Amino acid sequence: MKKVSFFLIFALALSVAIFAAGVNYGGTLNVVMPWGQLTNSVNPFLPTSQTLQMQNMIYESLFYVNSLTGQLTPMLGTSYKWSDDNLTLTVPIRNGVKWSDGTPFTANDVAFTFNLIKKYPALDLGALWAKDNYLQSVVASGDSVIFTFSKPNTPLLYALLGQLIVPEHIWSKLSDPATYPNQNPVGTGPFLLDSFNPTTNTITLVKNSNYWMTGKPYIDRIVVRSVESNTTVMLELLRGTADWSYVYIPDVQKTWVSKNPSTNKIWWPMNSTLILYLNTQKYPFNNTVFRQAISMAIDRSAAEEKAYFNAGGPSSAIGLLPAQQSEWLDPTLTALNSSLSQYDPQKAQELLASIGFKKNADGNLVGPDGKVLPTYKLPVVAGWTDYLTISQIIAQNLKEIGINAIIDQESFGSWWSTITKGMYDMAFAWATGSGPTPYFYFNQELNPSFAAPLGQTATSNWSGYTNPLVTSALNTYAQTSNLNLQKQAMYSIERIFVEEMPFIPVVYGTEFDVFSESHFVGWPSDSNPYATGAGIGSAEGEMIALNIHLK
């Protein structure tokens, strides 16, 4: 019997059809970003670093995917349904939507967009049509769009729902959409491009008065200025000439929030995991207990405080994002997850002794074979002060248990080659996988298809760890749309993770939204995380611009 899974998105954080009571309309939002010189293009298929970066204010996707919580907000789509043993995905589209030139939006526009990026692979920035994603066809059927797969791949849902949609009546006439500057963009979004001044590097957006979401946006205009440095952004914020930016500010509580706590705010949710990779293909890092001992020897709190001034937080041993733990962390693993992430060099020493690793009179760790362990390198990119700080703390912590490590500062190219080719023993870097559920984190870090033999380049899974039980659980998740089965698959991986510690999560990375409530309120927060917070040039930017309003 064929199974059918059906999800309707109901009471979500962002209402799409109700006027907000007591909201003040109007105003100009001033944004300053450290983007440098911009080019006059709003092509949503080009890397954002080459464009005005306003695509998400003008174009929209089927849903907004909150990568922190996994919550889906209906946009041009209204619901979605898996059927035919998860080989078919059906998405009804929203009625009554018009492109900003007055042309009705239809399901044909959606199907056209997906087939456009299939025809021109350079436009497929998310690699949706990659062979191992198994997407076979996208067609319009009445008021719905039907995605067909040759093999189930339910995690691709989020990327499909997040793809920006363009109007067929314009883009079908282009001879080379990959180079089209699109200086007069026609979209369905809440704002229209009013002007771009290359002399002042300023973008002006105005409210789309015919926007489909009733009562929104609340603000009339957005003025975005791009500058060359974070320092300039900070000066603008402190002067009160900017309401919003996305910028890393060292010791942000002291240098920004404390200057005026009633108005100076930040939204820096923890959205990524930074980890200590251990080369599991080399001795002694191929020993499970040895890796567990290293986890307990690292002072995660000190690393976070010294590098990021408590802006984020020390990671748990498993590394799941805090916003996902209540939904996805196996409750039976809470105690073990906590113990393995606690700084406890004495316990780490005891674990090492249990497998024959003990300190000699000089304080150096000696293996079961009677040989002193060599001094290991910790490669770091020269100039990456946060990574350097954390690596120094890790080296100090390891010294306490008898492991000698020295910092090796390299150019980015050299460091990248060292990491991706597995030519290291230990290395601090970012987790390559993140997304709205832990699957994306585990899949990138533990899927053997991403690993490579020593000396060959690995796309991810830089630790080289493989486990058939983990691989099976990843496949189970990808082939089902049943939430309970997906959770059980993640629980299986989590248990294996804490038992084997293939790598060591250390701290959580954050987003860097900085804003003032002097003029506008309604920003995302811990109590209302309706958007991840990744700046105005992102999908999150549209959500924020739709929710903020005059004070």
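The secondary structure of the protein chain comprises 17 helices and 24 strands. Both are DSSP runs numbered from the N terminus, helices being H or I with at least four residues and strands E with at least two. The radius of gyration, taken over C-alpha atoms, is 25 Å, close to the 24 Å of the globule rule for 551 residues, so the chain is as compact as a globular protein of that length. That rule is 2.2 Å times the number of residues to the power 0.38. The model is predicted: local features need pLDDT of at least 70, side-chain atom pairs count only at pLDDT 80 or more, and totals for chains, interfaces and linings use all residues. Residues are numbered from 1 along each chain as its sequence is written, and side-chain values use heavy atoms, with hydrogens and water left out.

The C-alpha trace spans about 80 × 65 × 45 Å along its principal axes. Buried residues (under 20% relative accessible area, 1.4 Å probe, protein chains only) make up 55% of the 551 residues. Of the contacts (heavy atoms within 4.5 Å) with a separation of 6 or more, 71% join residues 24 or more positions apart.

Strand 5 covers residues 79–83. Four of its five residues are buried, so strand 5 is largely enclosed by the rest of the structure. Strand 5 pairs with strand 6 (residues 88–92) in the antiparallel sense over three bridges; pairing requires at least two DSSP bridges. Trp82 has Leu89 of strand 6 as its bridge partner. The two strands form a hairpin with four residues between them. In the turn, Asp84 has a positive phi of about 55 degrees.

Definitions and conventions. Buried < 20%, exposed > 50% of the residue type's maximum accessible area, 1.4 Å probe, protein only.
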